[in-house]
Protein chains: 2
Amino acid sequence: MLVGMHPHQDGPLARLRRGHEDLVLELLRKHGPLSRAELGQHSGLSRTTLSDIVTELIESGAVVATAPGTAPRRRGRPVEALTLNPSAGQAIGIDFARRAVHVSAVNVAHEVIGSASEPHDPGLPWEERIALAERLVGTLANGGLRLGALNAIGVGVVGPVGDPDSGPAQPWPSTDLPALLRKRFQAPVLVDNNTRLAALAEATWGAAAGGRDVLYLRLSHGVGGGLVVAGALHRGAYGLSGEFGHIAVESGDGRCSCGATGCLETVASVGAVLAAYRRAGGLADGLAELLGALEAGDPVALRTLEAAGTHIGTVLAAVCNAVGPGVIVLGGELATAGTPLFEPVGRALRAHIMPISRDRVDLRPATLGEAGGALGGIALVLHESPLLSHYPAAPG
Amino acid sequence: MLVGMHPHQDGPLARLRRGHEDLVLELLRKHGPLSRAELGQHSGLSRTTLSDIVTELIESGAVVATAPGTAPRRRGRPVEALTLNPSAGQAIGIDFARRAVHVSAVNVAHEVIGSASEPHDPGLPWEERIALAERLVGTLANGGLRLGALNAIGVGVVGPVGDPDSGPAQPWPSTDLPALLRKRFQAPVLVDNNTRLAALAEATWGAAAGGRDVLYLRLSHGVGGGLVVAGALHRGAYGLSGEFGHIAVESGDGRCSCGATGCLETVASVGAVLAAYRRAGGLADGLAELLGALEAGDPVALRTLEAAGTHIGTVLAAVCNAVGPGVIVLGGELATAGTPLFEPVGRALRAHIMPISRDRVDLRPATLGEAGGALGGIALVLHESPLLSHYPAAPG
């Protein structure tokens, strides 16, 4: 869902325009300050076209024109030089998680320049969550963020996000949230599911950095995930992809929050695993105690994780056969259990994946933790709106 | 797997160059014959850049320059006009199926201008299959195909196709086949799995024409499929995607040709369904008799299809939850059973897909039949090498 972008333009002219802008920015990155004449030589663009492009880049804040004299020539009159604006091209990621707001920001070099988080009551009204996000972003601004030069904001939310027209009723004000954020930050806003964004973040900066085909599974209070396919975040026709938690497991009969029966989530969420541990006689108020029991070698705890891990690995094998990822990343609180979970997952995965794929997929723990959603928001901005907010939306 | 293409170039300059060529071709498609000056005005390109682009387009055969005089002006001397070459940009698709070779060709307007097929013994040596393909393509040439202007050939083969370095041993001479085809046809060759290509063809010209997120399942002697994701063919990290036939089914215990146990293929291939029908007391030498029994309302035949369809729908639901397609296309010989298969498939799909997705996915029979693989080869060429063989490969 793209909000605040120009209407989808993907004709050859729009693509060409974007290609021209990319080229000019790339040349300035590579060569440093250049005159308009030099840019013309390097780019092959006509004077008129180049002049249009440069004017827009300056207006958007991405490029600055230094006064004549600062770029001395060996002979003739000094000419104006064009340089990249070092504080431009920044992007902010905001993750409106169930019980916390996380924000992160990157500079034009795509380096993370700051992150901030604050937990809140799950019932906190949206107006206050947004105010909290604004306050957290403000703390980043003290660290050097120039809001005026913001490229775009990538926002993660709980629940499916699809096309605004076809999407289901959201637990957030679907038309107001992006508009509100856009107004407050004066920047375009891109919204996606926060678990899917965490998948993109793990494939960009985390456990699967650089991976082009990545499966991310998050085992938390819910079970969800995301797919990165050929280097891009996969959404599906209605934004309903990566719902691994709602794949049916063998002989599953538990009623799921989605309305179906026997979903992976009913046996592999933190709550489901704790309940199974208690049913088997284990004593644990929360995940911390269960993790402690695992560390102490409690056989009941180990068997509980073995059962959950087997279901998880079987579902992962089905998804692997369908989409063929190179890396599987396991995240969420339950994944912190480590070996007692990863071993049965890997075993069931190997048992059910096509034998030819067995040695071609890596199973790894997530590395970005809670920051994944916000970082994924930034990755979304960098993928879909490379440097400037006025770009037409990328296809797909 | 791209063979005979230039090395992967995806820098801003290569993209820009390709954008320039696309733009010039698009302007000629839209406006008809144009002079260089008119092309310059429409495109915004400098004279030098435009001259380079036009020279290459003429050399490659995509554009022809008409002699001065054929494009009269109201005043001044007559100028040369540039037009699209109507016989350029053709592409051939070849499907080396198990027991037949299929070929198809399209013109620059992407219209199918001819198709040809010939069955053969499954043991036919590769040299003879290639000769057969050449002969079939020759019959298309009589129909107006100019081999000299060929863009590229898209080739479908049986079995997984991945990166040549990481791929498994192929049942075809993996280094020789593309080289041989390239040499014979003097055109670049792109190779992919023929079932995946059929998926791309159904999403381009068939049951899901125009669909951007499509799941194609082929129920034949084997069970396989392909995914189209955001409008592009999905390959996976090692070319091992779309292997829906090797997803485990509930309480499946049949040994599969892939080496695993309980795969969908062991209960939903034509052979598996026939075997189940016979085990239940049905009499059928082949699929034709089973289809006849279904048409006659034979309850044993209907129950057999019900059981297979339930497994198929359950696996489809799992894949849908993971990748969220808008359309599911069922192809292959078994899909010709129609309602007795589609009904139980749809029922199991609806029972196991996330309730929120239930009404968002269409289940449709394939429409391209045996030609799908060859047409998919053409679609691959058009996707990855839009008009001219010297383009750098598309990203992804």
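## Cavities between the chains

The second largest cavity has a lining drawn from both chains: Cys320(A), Gly324(A), Pro325(A), Ile353(A), Ser357(A), Arg360(A) and Val361(A), together with Tyr238(B) and Leu240(B). This is a predicted model. The volume of the second largest cavity is about 50 Å³. Sorted by class, the residues lining the second largest cavity are 6 nonpolar, 2 polar and 1 charged.

In total, 2 cavities of 30 Å³ or more are counted. The largest cavity holds about 60 Å³ of space. Chain A contributes Tyr238(A) and Leu240(A) to the lining of the largest cavity, and chain B contributes Cys320(B), Gly324(B), Pro325(B), Ile353(B), Ser357(B), Arg360(B) and Val361(B). By class, the lining of the largest cavity comprises 6 nonpolar, 2 polar and 1 charged residues.

## Relation of the two chains

Two copies of a chain are related by a rotation about an axis and a shift along it. Here, chain B is superposed on chain A by a rotation of 180 degrees with 0.0 Å of shift along the axis, at an RMSD of 0.3 Å. This is the relation of a two-fold axis. Within chain B, Ser46(B) has the C-alpha nearest the axis, at 2.0 Å from it.

The interface can be described in terms of the residues used by each copy. Of the interface residues of chain B, 100% are also interface residues in chain A, so the copies meet through the same surface.

## The five-stranded sheet in chain A

Chain A contains an open sheet of 5 strands with mixed pairing, in the order 11-10-9-12-13. At its edges are strand 11 (232–233) and strand 13 (362–365) of chain A, each of which pairs on one side only. Helix 11 of chain A, residues 339–352, packs on the sheet and touches strand 9 (214–219), strand 12 (327–331) and strand 13 of chain A. The direction of helix 11 makes about 160 degrees with that of strand 13 of chain A.

Strand 10 of chain A (residues 223–229) runs antiparallel to strand 11 of chain A, and 2 bridges join them. Opposite Val229(A) stands Ala232(A), in strand 11 of chain A.

## The five-stranded sheet in chain B

In chain B, 5 strands form an open sheet with the order 11-10-9-12-13 and mixed pairing. Strand 11 (232–233) and strand 13 (362–365) of chain B are the edge strands; each has a single partner strand, so one side of each is left without a neighbour in the sheet.

Strand 9 (residues 214–219) and strand 12 (residues 327–331) of chain B run parallel and are joined by 5 bridges. Val214(B) has Val327(B), in strand 12 of chain B, as its bridge partner.

Methods: Residues are numbered from 1 along each chain as its sequence is written. Chains are lettered from A and ligands numbered from 1 in the order in which they are written. This is a predicted model: local features need pLDDT of at least 70, side-chain atom pairs count only at pLDDT 80 or more; totals for chains, interfaces and linings use all residues. Side-chain values use heavy atoms; hydrogens and water are left out. Two strands pair if DSSP finds at least two bridges between them. Helices (H or I, at least four residues) and strands (E, at least two) are DSSP runs, numbered from the N terminus. Contact means heavy atoms within 4.5 Å. Axes are lines fitted to C-alpha atoms, for helices over the stretch in contact, and angles run from 0 to 180 degrees between N-to-C directions. On a 1 Å grid over the protein atoms alone, a cavity is a set of points where a 1.4 Å probe fits but cannot get out, and a pocket is an open set with protein on both sides within 12 Å along at least five of seven lines; lining residues have an atom within 4 Å of a point. Grid points are joined across faces, edges and corners, and a volume is the space filled by probe spheres set on the points. Ala, Val, Leu, Ile, Met, Phe, Trp, Tyr, Cys and Pro count as nonpolar, Asp, Glu, Lys and Arg as charged, and the others, Gly among them, as polar. Copies are superposed by least squares on the C-alpha atoms of residues with pLDDT of at least 70 in both.
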